[in-house]
Structure formats: structure tokens, C-alpha cells
Amino acid sequence: MTGLRNGKSWLIGIFLLAALLVPVFIQDVYLRHLFIISFVYGIVAASWDLTLGFAGIFNFAHIAFFGVGVYATGLTAKLLGVDPWLAMLIGGFAASAAAAIIALPVVRLQGVYVVLVTFAFSQLVMQLVISQSDVTGGTQGLVRVPTISLPHYNFLRDYKFGYYYVALALLVTTTALLRWLVRSDFGLSIRALRDNEDYGVSRGIPIARQRLKALVASAFFTGIAGGFYVIYLRVASPEVFDFSTVSLILSMVLVGGTSSIYGPVFAALILTFISEGLANIDNFSEGRHMLVAVVMIIVLLFLPKGLASALPSGFGEKAFFLRRKQNEVRRAGDTERNKNAIGQSLTSLDGLSRDHPISGRVLNRE
């Protein structure tokens, strides 16, 4: 088990080192752009996995949360003059607020009704954005959104060098927080409700509250990603609500593997490059989504649990809970041994007080 943990740490370390060195060895601006977009999609896909994979909520409003983050950040940065760094945080909170609203009916529904309500909410948000053209720009979108800046550094003239590292930092932070969240008691509770709702409720798990927390948490990270997306591209467009975007992100979750967090991140890297690469080939621009769907079918045929099933076992939730169970058993064994030792000590003291009255009186007095 120690070997698995060490192997996992080495693999993550190699991945992070390679990611840090990408802009150093890759000077092509377009390739850096693809990495940045894949990082954004990785955040959105991993966050969707929290509700779809771990909580078992068929939430099709997830892209709406991404769009809310896009427009909330763009509007506050451009119209209100809020610093873009702070505007991205506002986008996260706005997405969480939208998730709290949709959670009111969703937490009490099941199955296809959840899909219908969440999908309807996504379309409602898109129509609201289009109808309020005086503020949002309508179908023309919101342009010239202010971008992030640092003292004595210009993000617009560094050939996407700074944007790359900001996107990477957001991806690493989000992945680490999501992994911590799903391994906590909260993560265990939403998994219990996913696997056996009646049993979870009988154990005192509040189903509505836990599902609300899952939706709000996943929407926050998604809103942050949407905020960076609009700050980076400097354009907010209703196209973020398109079904093509929904299908692409959902493909990343399914191809990567649900209930893994890491899987959707790796799938985002792969599918983004495939999708954008096909877009640059003649006659493939419109059909690229069909080819992505074919890739998804092929992967799921050979790896029904997604690419995450091909990762070392130390990456999976089963390995984590196996280690957790072993630690609990080990602690229980230590407690039992301590109890036995205390019992033997008390027995010895009791015998000492009977065999040696003077010593026994001293021990009892102490």
C-alpha cells in the first residue's frame, strides 16, 4: 500500500513538473491557447463529476453555472469597474447562488425529473442573457472585457505565458480541493446517498442539505472557471450555453471516468486537443463533435469506467476507502490492546494490594 501511495505521488509530481515546463519548451501561441482552454474545461468537468459522479445528481444545469460565471465576471468587470481578479471570485459566488436556486426543487426530485428541471434552467438562463441585450450584448455578446494584470507585468503581450500559469494554478487548486472534499465525511455522505438513499437517510444523513452543498460547491469552482474564461478571451457569448458545449464537457466526464476527479481532467486535455485539432481541418469543423462522440463510444466500450480505470489503483476512491478502513481497524486494534494492557495493570495492582497490604495502601492512596 505504501508503494501505491509513493507511485501516485511520483506520477502526480511528474505531471506537475511537465505542466510547469510546457510554456518553456512550447513557444507556439496557439498550442499554449489550447492548453489554457483544456485547463478551463478540466475544472468544469472535474466539478461536474462532484455532482454527477459522487453525488449521483443528473445535473444538466452545470454549463448554466459556467455561463453565469462568465457573464457575472464580465459584467462586473466591464460595467461596474471591479478588478478582474475580484470579478472572477464574484463569478464563483454568482454561480453558487444560481445553484442554490435550482437546488430548491432538484433536491426533492429523482431520475428524469432532475434532468428536465436542470436542462430547463440552463435554457432559461440562456434566454435571459439573449433577451437583456442592452446589458449583456444579446447574441452579439459582451466584448472588450477588462483582463487581469499584475504590477509591472502585461498579460496581453507575453504570448499567453502568464495566462497559462494562472489557468494551471486554478486547475491544480480546484483538483486538490475537490479531492479533499470527496475524501471528507461530506464526500462519504453524498456517496452513501448515491448508492443507497434509504440507508443513508436511515443513518441520519440529511439528503436535501447534502445535495444542496454538492451543487453549490461544484458550481463555485465552475463559476471561477467561467470567470477566468471571459477574462482570458475578453468576450462573453451565449455560445457557452450551446448543446455542443454541454456534450463536449459531458464527454470529458464520461471518457475520463466518473467518481475520480483526475479522470475528467486528463480527458479534458485529450478531447480539447482532438476537438480543436479537427476544427482546423477542412470539412471537419462541423462534424468534429460527431467524431468526439465516436471516441467516447470506443473508450467506453473498452474501458466502461473511463480512463480513470486505467490509472494505478492508488488513484481510485476504492483504494482510498480501503486505506481508510485499514487505518480504522488498526486504530481499533491499538485501542483494544491498550484496554487489555490497562486491564492487566489493574489486575496486577489488585494482586499487589492483596499480597502486600502496606504497598497496597500506598498505591490506593496515590
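Modeller: Let's start with helix H4, residues 84-106, which has 23 residues and reaches 32 Å from its first C-alpha to its last, close to the 33 Å expected at 1.5 Å a residue. That expected span is 1.5 Å times one less than the number of residues. Helices here are DSSP runs of H or I with at least four residues, strands are runs of E with at least two, and both are numbered from the N terminus.

Before going on, a word on the ground rules. This is a predicted model, where local features need pLDDT of at least 70, side-chain atom pairs count only at pLDDT 80 or more, and totals for chains, interfaces and linings use all residues. Residues are numbered from 1 along each chain as its sequence is written, and side-chain values use heavy atoms, with hydrogens and water left out.

Buried means under 20% relative accessible area, exposed over 50%, and partly exposed in between, using a 1.4 Å probe and protein chains only. An α-helix has 3.6 residues a turn, so residues three or four places apart point the same way.

Thr73 sits in helix H3 and is buried, with a relative accessible area of 0%. Thr73 touches Ala87, Met88 and Gly91, and also Gly227, Val230 and Ile231, leaving aside residues up to four places away in sequence; a contact here means heavy atoms within 4.5 Å. The side chain of Thr73 also reaches the backbone oxygen of Gly69, at 2.8 Å.

Now step over to helix H7, where you'll find Ala167. Ala167 is buried too, at 1% relative accessible area, and touches Ile36, Phe39 and Phe228, again not counting residues up to four places away in sequence. Ala167 and Tyr229 are 62 residues apart in sequence, yet 9.1 Å apart in space, C-alpha to C-alpha.

Phe228 turns up again in the largest nonpolar core: of its 88 residues, Phe65, Phe228 and Met252 touch the most other members. Helix H2, residues 29-54, gives the most to this core, with 14 residues. A nonpolar core is a set of buried Ala, Val, Leu, Ile, Met, Phe, Trp, Tyr and Cys residues joined through side-chain atoms within 4.5 Å. As for Met252, its contacts include Tyr41, Ala45, Pro264 and Leu271.

His152, in the loop between strand S1 and helix H7, is exposed at 87%. Ser259, in the loop between helices H11 and H12, is buried at 12%.

Zooming out, the protein chain has 15 helices and two strands, and 45% of its 366 residues count as buried. Its pLDDT, the predictor's confidence in each residue from 0 to 100, averages 83, and 81% of the residues score at least 70. Over residues 352-366, though, the pLDDT is below 50. Where pLDDT is low, the predicted coordinates should not be read in detail.

Conventions:
Polar contact = N/O pair within 3.5 Å; in protein donor to acceptor, adjacent residues only side chain to side chain.
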